[in-house]
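Reader: I am new to this structure and would like a friendly tour. Could you show it to me before we talk?

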Amino acid sequence: MRCYIVDPEKKEIVEAEHNGDYREIYEIIGNGCHAFDVVRFGESDAAFIDDEGLLKANQSTAMWKVPSVHPIAGRAVILGTDRSGESCAPANDIGFYRGIVTFESMEASMLRESLMPSGFGKMVIRDLDTGAVLFEEDTLKGLKDDAGAN
């Protein structure tokens with residue numbers, strides 16, 4: 001059956017064939033995966049991910065993310081599920097996933113997830129690999145606006 005493989009190391013999502021055997025999911029995920037978890041995409045599709053992906057010393061620092069889900073380490077297999085819960089081809093086309101998945105380094109992800117504005121000045125979060133600005137906010141803006149209203 002058709003499936004999609006999310007590969008954050010290569011920063012790509014490709015179409016592949018899955019034989020329907022859950023053990024093949026371990027092989028596709030790789031990196032010694034022996035337990036997977038599932039991230040649901042609505043009612044029909046799910047990404048099978050390494051349940052211990054962040055715990056492995058040899059895990060790549062490449063990650064991937066979709067809206068409303070914490071960043072995920074390592075490769076994933078996207079499959080659909082039918083009404084009885086059995087795996088089937090994904091309901092969404094590959095373009096849908098290419099449109100919502102973003103790739104980032106673990107360092108950038110950790111910075112974005114853990115840094116919170118202190119309430120003063122300007123907060124800038126940069127990608128450690130490229131130096132690109134990922135997020136920028138003037139944390140005094142609300143205070144300036146409130147002060148001007150008096």
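Reader: Thanks! Which residues have the most contacts inside the largest nonpolar core?

Author: This is a predicted model, where local features need pLDDT of at least 70, side-chain atom pairs count only at pLDDT 80 or more, and totals for chains, interfaces and linings use all residues. Residues are numbered from 1 along each chain as its sequence is written, and side-chain values use heavy atoms, with hydrogens and water left out. A nonpolar core is a set of buried Ala, Val, Leu, Ile, Met, Phe, Trp, Tyr and Cys residues joined through side-chain atoms within 4.5 Å; buried means under 20% relative accessible area, exposed over 50%, and partly exposed in between (1.4 Å probe, protein chains only). The largest core has 15 residues, and those with the most contacts inside it are Val6, Ile13, Phe41, Ala47, Ile49, Trp64 and Ile78.

Reader: Which elements give two or more residues to this core?

Author: Helices (H or I, at least four residues) and strands (E, at least two) are DSSP runs, numbered from the N terminus. Those giving two or more residues are strands S1 (2–7), S3 (36–41), S4 (45–50) and S7 (76–81), together with helix H2 (94–100).

Reader: What does tryptophan 64 touch?

Author: Contact here means heavy atoms within 4.5 Å, and residues up to four places away in sequence are not counted. Among the partners of tryptophan 64 are Val6, Phe41, Ala47, Ile49, Pro71 and Phe103.

Reader: In what order do the three strands of the open sheet stand?

Author: Two strands pair if DSSP finds at least two bridges between them. S5 (residues 62–65) pairs with S9 over four bridges in the antiparallel sense, with alanine 62 opposite serine 105 in S9. The order is S6-S5-S9.

Reader: Why is one side of S6 and of S9 left without a neighbour in the sheet?

Author: Strands of a sheet pair through backbone hydrogen bonds, either parallel or antiparallel. S6 (72–73) and S9 (102–105) each have a single partner strand, so one side of each lacks a neighbour, as both stand at the edges.

Reader: Is aspartate 7, which meets arginine 75 in a salt bridge, buried or exposed?

Author: A salt bridge is a side-chain nitrogen of Lys or Arg within 4 Å of a carboxyl oxygen of Asp or Glu, and this pair meets at 3.1 Å, N to O. Arginine 75 lies in the loop between S6 and S7 and aspartate 7 in strand S1, 68 residues apart. Arginine 75 is partly exposed because its relative accessibility is 27%. Aspartate 7, at 6% relative accessibility, counts as buried.
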